[in-house]
Amino acid sequence: MKKVYMENLGCSKNQVDAETLIKLLEDDQFIHTQEVGEADLIMVNTCGFIESARQQSIESFFALHEANPDAKIILSGCMAQRYAKELQEELGEASAIFGNRDLSKINEVVRQVFAGDRVVTIPSYPPMENEVYERNELLSFPGSAYLKISEGCNHWCSYCAIPLIRGGLRSKPMDVIITEAKALIERGIKEINLIAQDLAAYGTDGADGQSKFMQLLEALVALEGDFSIRLLYIHPDAFPVELIRFIAENKKVLPYFDIPFQHADQRVLQSMGRTGTKESYLALIEAIRKAVPEAVVRSTILLGYPGEDDAAFAEVLDFLSKAKLDWVGSFTYSREEGTKAYKLRGEREHKKANKIAQMYQAQLQALQAPITHANLQRFVGKEFEVLIEELVEGEDLAIGRMYAQAPEVDGLTVVVGRSLKPGRKVLCGIRSVNGLDLEAIPVQGAVHG
């Protein structure tokens, strides 16, 4: 049997695609290998969201090709979807360029590649009733998994290329999502991370245009099993206020709110296509914390957007000073052709603004780090379940996460103890904050799951 090596890049939604591709290839007599040198087929599942991600994708492609030049190599994912024509001409080393809208076509593409053909295919989305995929191997740490409830986005924020890559919103049928969730629970997954470009938009592509997200959430929490649900990415301008009370009353949904505010200056927000204001965002945060005192709020901020100046950035700092968010990520604006913001400034001006944005980013991090550190202090001296993800070799230590820490983007919890097993939950006492991480010790007899 042939072996396939999968290099997955980009976001959690891309990871779900990679997991799906692995299963489809395994069904076609491939074995998934972790060693690129022994692969007959290398797949590079790329990100195409911003320029730096595309550069990383190309660098990874050539590094893997150099590591095993005899293997067939396929460039797939978002970058392949958006730039297929350019890649066909410029990336002659690629055995195939494969888009990300109909993953079921991968086996056909691979057969053509091994027959000696060079393939470039960007298939359209299949009918929704045919878009039912299984996953076998999960690329997350043990105990957690991502569950994608929709594709694409209808918000069309002026800076964002996602609708150009993934298309408009396509909500997955609710029964398919429930079936996937049951399968994850049955295989022992303790934390299901719901993902989409905007979770609350789920169902708004239907005939009545109304969100079905709350109905979906009600169906998910009704499932039996020892699991929790984490919500990742809810657009602040379409935030369902009823969700706050729902989380307060349903302990299966972690009190973790990931809301990408992106900015706080009114002029910049309007240009981005946002309808909210600094004041409305602060009010939303206050409402969440009032109803859910244990709530953790995370956000992202976009810096360097056209028109942002010192005064606009000062609004961001003022917002963060007042909001005292638990976690804040930031990234600098990438000038993406085809987006509404692309023509707002030229390339020379963009490069100059990007340097300023990097200075803003350093100031933002300097402001936010002590806020996050102070917020973490409220967990010290209390007990929380920690999902163990990996062991530290040669030490009586494990790395895990409690509810306040989302996978990959937040700090971690270091657990001091023996006989800890990845994929299990452990009730731990938090004893200190170390930088942006927590240190904990298990409560005696607290291991379960």
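Let's start inside the protein: the second largest cavity holds about 50 Å³ of space. This is a predicted model, so keep that in mind as we walk through it. Lining that second largest cavity are Phe-49, Ile-50, Tyr-159, Leu-302, Phe-331, Tyr-333, Ser-334 and Glu-336. Sorted by class, the lining comes out as six nonpolar residues, one polar and one charged.

The count of cavities of 30 Å³ or more comes to three, and the largest cavity has a volume of about 230 Å³. It has 20 lining residues, and the ones closest to its centre are Glu-131, Tyr-133, Lys-148, Glu-151 and Lys-172. The elements giving two or more residues to this lining are H1 and strand E8 (150-151), with H1 contributing the most at three residues. Charge is well represented here: the lining of the largest cavity has 10 charged residues, next to seven nonpolar and three polar ones.

H1 deserves a look of its own. Just after H1, Gln-29 takes a positive phi of about 75°.

Now for an open site. The second largest pocket has a volume of about 420 Å³. Of its 22 lining residues, Ser-228, Lys-251, Leu-254, Glu-385 and Tyr-403 are the closest to the centre. Strand E11 (228-231), E12 and strand E15 (383-391) each supply at least two residues of that lining, and E15 gives the most, with four. By class, the lining of this pocket has 11 nonpolar, 10 charged and one polar residue.

H11 covers residues 278-291, and its 14 residues should span 20 Å at 1.5 Å a residue; the end C-alpha atoms are 20 Å apart, which agrees. Which residues of H11 are buried? They are Lys-278, Tyr-281, Leu-284, Ile-285 and Ile-288. Because these cover an arc of only 130° around the axis, they lie on the same side of H11. On the face turned away from that buried side you'll find the exposed residues Glu-279, Glu-286 and Lys-290.

Note on methods: Residues numbered from 1 in each chain as written. Predicted model: local features only at pLDDT ≥ 70, side-chain atom pairs only at ≥ 80, totals over all residues. Heavy atoms only, no water. Expected span 1.5 Å × (residues − 1). Buried < 20%, exposed > 50% of the residue type's maximum accessible area, 1.4 Å probe, protein only. Arc of directions from axis to C-beta. 1 Å grid on protein atoms, 1.4 Å probe; cavity = no way out; pocket = protein on both sides within 12 Å on 5 of 7 lines; lining within 4 Å. Points joined across faces, edges and corners; volume = space filled by probe spheres on them. Nonpolar A, V, L, I, M, F, W, Y, C, P; charged D, E, K, R; others polar.
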